[in-house]
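Please keep the structure in view while reading.

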Amino acid sequence: MGERRRLTRNGRWVVKIGTSLLTDMDNGLDQSAIDDWVRQIAALKQEGMHIVLVSSGSIGVGVQRLGWNARPREIHQLQAAAAVGQMGLVQAYEGAFKQFGILTAQVLLTHADLANRERYLNARSTLRALLKLGAVPVVNENDTVVNDEIRFGDNDTLAALVANLVEADSLLILTDQEGLFDSDPRSNPDARLIGEGSVDDPSLARHAGPAQGFGRGGMLTKVGAARKAARSGAATVIAGGRTPDVLLRLHAGEELGTYLRPGNSRMVARKQWLAGQLRGNGRLVLDDGAVHVLRESGRSLLPIGVKEVSGLFGRGEIVLCVDLEGREVARGLVNYSAVEASRIAGKPSDQIETILGYAGEIEMIHRDNIALSD
């Protein structure tokens, strides 16, 4: 059983169910499938498990309820569909869990909720409190108000960040495929299921394909989500949501789906939050020496290693650190405003007081406030 043994222990899981499992154009929400997943979750809770459910489907349900024959592209129509569909989604889960005497809680999140450190901590406290109360939080992106600029992009990413929030033992991503294959099983009948791997294995991305149908996330986003979940030490399983008793069988140790080990990439909570930010307020271009120091030595970023500063940001805001080719290296909380950073970029730290007229921090970004990028 090896690494999969952790799935047999009672702990905390984040279970993500995708749109392709929940909805279809002809029948809308698949209530019987929801009832079956809820039955399994109820059984796991009886054994002492704590479950957070991340559910897609609000837009798909809304599209069906509104009688549209395709997912719209206009943002206001997508938001309207989400508003209509979220009502049906919540009712479906609440009714199913109620049969087992289990309370549910709707939690709608946007990237802005997790980008702000105070709101991030509030979300974490709320989710943990709900778990202690025995409730099952049902989490979804707040598609009614979010736009493309600030969305998570897919609920696989959201589920990974929720796994970081609650420090889950495992992230289980249920999909319409049995797991991750070495090629697309829909076009290659000889495709082989990858039973186990490490999130640090770069070959996994080559096996992943694009999203299909209503969902935004394909296998590539699921592999990326596994890497994000690993920041807090969570393992990830990608498995077929239609497999009978899939959750119970995984908890029993059966080798279903693709198991992705977290490796040695666990981060402290503050760096998890930093790494989870989708965008920064500015950008620092680093020389090769500074890139090496960040990646290999884990030291602070000094002004002398910064070649260029762009964007508008203040002290303490998040900036992206990129190499000379524009590839992201890290992100962190900067000690200087954009104007100040531009003035001291490329200069030794002992010249900061002379240049700025006051003695500031010797680091552009302290190592405790830097998170390396995937």
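## Strand β1 and its partners

Strand β1 runs parallel to β7, and five bridges join the two. The model discussed here is predicted. Within this pairing, Ile17 stands opposite Leu174 in β7, and Val14 stands opposite Leu171 in β7.

Strand β1 also pairs with strand β4 (residues 50-55), again in the parallel sense, over six bridges. Here Lys16 stands opposite Val54 in β4. Strand β1 covers residues 12-17 and is mostly covered, since five of its six residues are buried.

## The eight-stranded sheet

Which order do the strands of this open sheet follow? The order of its eight strands is β5-β6-β4-β1-β7-β9-β10-β8, with mixed pairing. At the edges lie β5 (104-109) and β8, each of which pairs on one side only. Neighbouring strands of the sheet are turned against each other by 20° on average, direction ignored.

Helix α7 lies across β1, β4, β5, β6 (136-141) and β7. Its direction makes an angle of about 170° with that of β1.

## Two helices in contact

Two packed helices are described by the angle between their axes and the distance between those axes. For helix α7 (residues 155-166) and helix α9 (residues 219-229), the axes come within 8 Å and cross at roughly 10°. Angles under 35 degrees count as roughly parallel, and α7 and α9 are therefore roughly parallel to each other. On the side of α7, the contact is made by Asp156, Thr157, Ala160, Ala163 and Asn164. On the side of α9, the residues in contact are Thr221, Lys222, Ala225, Lys228 and Ala229.

## Ala191 in a loop

Ala191 is placed in the loop between β7 (170-175) and β8 (196-198). Is this residue buried or exposed? Ala191 has a relative accessible area of 15%; buried means under 20%, so Ala191 is buried.

Leaving aside neighbours within four places in sequence, Ala191 is in contact with Phe181, Asp182, Ser183, Asp184 and Pro185. Gly95, by contrast, is 96 residues from Ala191 in sequence and 39 Å from it in space, C-alpha to C-alpha.

## The five-stranded sheet

Another open sheet consists of five strands in the order β12-β11-β13-β14-β15, and its pairing is mixed. The edge strands are β12 (306-311) and β15 (370-372), each pairing on one side only. In this sheet, neighbouring strands are turned by 25° against each other on average, direction ignored.

Inside the sheet, strand β11 (residues 282-286) pairs with strand β13 (residues 318-322) in the parallel sense over four bridges. Arg283 stands opposite Leu320 in β13. Helix α12 (residues 288-297) packs on the sheet and touches β11, β14 (328-333) and β15. The direction of α12 makes about 75° with that of β14.

Glu363 is found in the loop between α14 (352-356) and β15.

How values were computed
Residues numbered from 1 in each chain as written. Predicted model: local features only at pLDDT ≥ 70, side-chain atom pairs only at ≥ 80, totals over all residues. Heavy atoms only, no water. Pairing = 2+ DSSP bridges. Axes fitted to C-alpha atoms, helices over the stretch in contact; angles between N-to-C directions. Contact = heavy atoms within 4.5 Å. Buried < 20%, exposed > 50% of the residue type's maximum accessible area, 1.4 Å probe, protein only. Parallel < 35°, antiparallel > 145°, perpendicular 65-115°, else oblique.
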